[in-house]
Amino acid sequence: MNPIDYLRISLIDRCNFQCVYCMPEGADLNYVLRELWLSHGEILSLLKGVFIPLGFTKFRLTGGEPLLRPGIVQLVDEISHLPETTDLALTTNAFKLEKLAKPLYDAGLRRINISLDSLQPETFEKIVGPPATRDLTSEAASKYMRWQQVWQGIQMAHQVGFDPLKLNVVVIPGVNDHEILDLAALTLDRNWHVRFIEFMPIGNDALFTTRGWIDSETIRQQIRNRWGLEESSIRGNGPADVFKIPGAKGTLGFISQMSECFCDRCNRMRLSADGWLRPCLLNETGQLNLRDALRSGEAIETIRDRVGALVADKPEINFKMRESGTTGAYSRTMSQIGG
């Protein structure tokens, strides 16, 4: 296995969207009370006293929607300026990014992933679910305005210097799979990385039937038939297989967690907003409650030893767990995990 040096940190389990693959409509979502979130001080204490000494140098801030977390810019500033941080990234739906892109960039953030599952406002609305109107202005809550707000956030991120941008696309049969070529075309004249992600059965077993996903090779073949496709020399920190359309400025990534096992390339652990450390998105066994450990006064050295043991015991293969979402085996939705 690769060295485990990459920590995904969920800052919040709430979101201003309710995407069908993350927070299915009608799901009984029990949000964590705010006082149960890891505080910024606790996150920094864990990074400095536990994770960095164990060799973690790459960090990603996720959610829910991390831009809903109060003080996000200050936290980015503090993590980005830790001497040991070699890479800091953030995943967002971009709804609040238009105003926050420059402050985040000025705070030291350089890499950003944006969820953009459709270029069609009508399809986008179907995917992101009913508006959480308390988080939107009356104008933005009106029909089809959310796509425009997201697109403006993407444009602003590009303008302030996030280069390249990564756009994440979860491909859902019968919903947005007809847009594969349009989304791939975004890479032709922009240095953008579009990443197609196979739809996973976590917390959405009603939508995920016997074959609720399209394998990456089928998507690649569509693109290959239209433009051709070649392997790219660009590689990221994640599990994507990277290609490019010949002559394109950007690249196309394929994250194939359903059809192709990439456990041997995994280098990450996940920390939830309420302080649970889990070794794998697909495996809930062996989790550690770091929030309770901190708040009970457990010595940071003891916490570090327990986390080190969990890192050492990280299973080499969790691929066989990928179907468990259809059986209700997962106790949390993707938004609650920080996926």
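Guide: One cut-off to start with: an angle of 65 to 115 degrees counts as roughly perpendicular. Keep in mind that this is a predicted model.

Visitor: Why are helix 1 and helix 9 called roughly perpendicular to each other?
Guide: Helix 1 (residues 40–51) and helix 9 (residues 300–312) pack at an angle of about 70 degrees. That value falls within 65 to 115 degrees, so the pair counts as roughly perpendicular. Their axes are 9 Å apart, and the crossing is right-handed.

Visitor: Which residues of helix 1 and helix 9 meet?
Guide: On the helix 1 side there are Ser 45, Leu 46, Gly 49, Val 50 and Phe 51, and they meet Ile 300, Ile 303, Arg 304 and Val 307 in helix 9.

Visitor: And what makes Met 200 buried or exposed?
Guide: Its relative accessible area is 7%. Buried means under 20%, so Met 200 is buried. You'll find Met 200 in the loop between strand 6 (192–198) and helix 7 (216–226).

Visitor: How do you know which label Gly 64 gets, buried, exposed or partly exposed?
Guide: Gly 64 has a relative accessible area of 21%. Buried needs under 20% and exposed needs over 50%, so Gly 64 is partly exposed. Gly 64 sits in the loop between strand 2 (58–62) and helix 2 (72–80). An unreviewed UniProt entry lists Gly 64 and Met 200 under "binding site", along with Tyr 21 and Ser 115.

Visitor: How many residues does the largest nonpolar core have?
Guide: That core has 91 residues, and those with the most contacts inside it include Phe 51 and Leu 277. Leu 277 touches Phe 51 and Val 307, among others.

Methods
Residues numbered from 1 in each chain as written. Predicted model: local features only at pLDDT ≥ 70, side-chain atom pairs only at ≥ 80, totals over all residues. Heavy atoms only, no water. Core = buried A, V, L, I, M, F, W, Y, C linked by side-chain atoms within 4.5 Å. Buried < 20%, exposed > 50% of the residue type's maximum accessible area, 1.4 Å probe, protein only. Contact = heavy atoms within 4.5 Å. UniProt positions renumbered as here; feature names shortened; annotations may be inferred. Helix = DSSP H or I, 4+ residues; strand = E, 2+ residues; numbered from the N terminus. Axes fitted to C-alpha atoms, helices over the stretch in contact; angles between N-to-C directions. Parallel < 35°, antiparallel > 145°, perpendicular 65-115°, else oblique. Left-handed = near helix turned anticlockwise from the far one by under 90°. Lists of a residue's contacts leave out its neighbours within four places in sequence.
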